Every structure is written in C-alpha cells, then in structure tokens.
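Welcome, and please open the model in your viewer. We will begin with the whole chain and then select a few residues one by one.

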Amino acid sequence: MPPTHHNVRGWGEGEGEGDLTKRIVVESRDEIGRMAEYINQFLMKIQKTIQAIGQATETLTISTQTLTAGSHQMSSNAEETSAQVTEAISVIRKAAEMVDQLMVISRKNPSAEKKVFSLTRLVESQVSICHRTFDRNIE
C-alpha cells in the first residue's frame with residue numbers, strides 16, 4: 001500500500017512535551033484529520049481538568065490557612081480562659097477561708113457579729129465580681 005501524505009501540522013519531534021496549549025493544525029478531513037481533531041479535544045479537556053485542580057488546590061490552601069489561624073486563636077483563648085479560671089478558683093478558695101475564719105471569730109466573740117457580717121458581705125461581693133468577670137470572658 002502506498003504511503004499517504006496528510007496535512008497535519010503542529011508538532012515536530014520533541015515538541016509539546018507537557019505543553020497542553022499546543023494543538024495540532026488539521027488541514028484534512030480524512031481519518032487522520034479527524035483523529036487529530038479528537039486529540040486536540042482530548043488535550044483541551046486535560047488542560048481544563050488540570051486548571052480546575054490548580055484552582056481547587058489554591059482554594060484548599062486558603063481554607064487550610066484560615067482554619068489553622070482559627071485553631072491558633074481558639075488555643076490562645078482556651079489558655080487565657082484556663083488562666084482566668086485558675087485565678088477565680090484561687091480567689092474563691094481565699095474567700096471561703098476568710099468566711100471560715102469569720103465564723104470562728106463570730107462564735108468566740110458575739111459582739112463582733114456586726115463586723116463579721118460586714119466582712120462576709122465584702123467577701124461575697126468580691127466573689128460576685130469575680131464570677132461576673134469570668135462570665136464576661138467566657139462569652
């Protein structure tokens with residue numbers, strides 16, 4: 001069978017390696033020309049798919065960075081809240097010790113009852129302030 005010559009141009013040997021923008025110039029409508037058109041369509045689909053993957057990768061990278069920043073902020077907030085809780089517990093323990101001491105004084109000296117009551121109110125107000133501050137920081 002004699003060789004046939006077709007007018008299909010666009011790629012020489014070694015051209016287009018990895019370049020999905022290159023297309024075959026088709027100048028014939030026979031089987032070879034149609035095959036070249038199919039190859040061009042195939043390359044276009046691969047190029048679009050790779051572009052979509054690149055865009056999805058960029059979106060994923062941005063989302064990951066946003067989540068990482070949010071995670072660091074949450075961690076920092078949790079550490080701060082933990083420190084505040086620890087401080088609040090310390091204040092409440094001291095207040096409880098003071099109330100216990102006031103009760104002992106009150107039992108030993110009935111005339112100190114007014115002072116004990118006043119000091120107990122002071123302790124209660126300090127605990128209340130601590131509680132409100134803690135609640136605001138949690139929100």
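Start with everything selected and colour by accessibility: of the 139 residues in the protein chain, 11% are buried, where buried means under 20% relative accessible area, exposed means over 50%, and partly exposed lies in between (1.4 Å probe, protein chains only). This is a predicted model, in which local features need pLDDT of at least 70 and side-chain atom pairs count only at pLDDT 80 or more, while totals for chains, interfaces and linings use all residues. Residues are numbered from 1 along each chain as its sequence is written, and side-chain values use heavy atoms, with hydrogens and water left out.

Now switch to a surface. The protein chain exposes about 11,500 Å², with 59% of it supplied by carbon and sulfur atoms; accessible areas come from the Shrake-Rupley method with a 1.4 Å probe, and for residues only the protein chains shown count as cover.

Helices (H or I, at least four residues) and strands (E, at least two) are DSSP runs, numbered from the N terminus.

Colour by pLDDT, the predictor's confidence in each residue from 0 to 100. The protein chain averages 79, and 83% of the residues score at least 70. Confidence is lowest in strand E1 (residues 8–9), at a mean of 54, and highest in H1, at 87.

Select Arg-29 and Glu-37 together. They form a salt bridge, their closest N and O atoms being 2.2 Å apart; the term requires a side-chain nitrogen of Lys or Arg within 4 Å of a carboxyl oxygen of Asp or Glu. By this rule the count comes to 1 salt bridge. Arg-29 counts as exposed because its relative accessibility is 64%, whereas Glu-37, at 25%, counts as partly exposed.

Move on to Tyr-38, which is placed in helix H1. Is Tyr-38 buried or exposed? Tyr-38 counts as exposed, because its relative accessibility is 53%. Draw a C-alpha to C-alpha distance from Tyr-38 to Ile-24: these residues are 14 apart in sequence and 10.0 Å apart in space.

For the last stop, select Ile-32, Met-35 and Ile-39, which make a nonpolar surface patch of about 240 Å². Patches are made of residues with over 30% relative accessible area and no salt bridge, joining like charges within 9 Å and nonpolar side chains (Val, Leu, Ile, Met, Phe, Trp, Tyr) within 5 Å. Ile-39 lies in helix H1 (residues 31–108) and, at 32% relative accessibility, counts as partly exposed.
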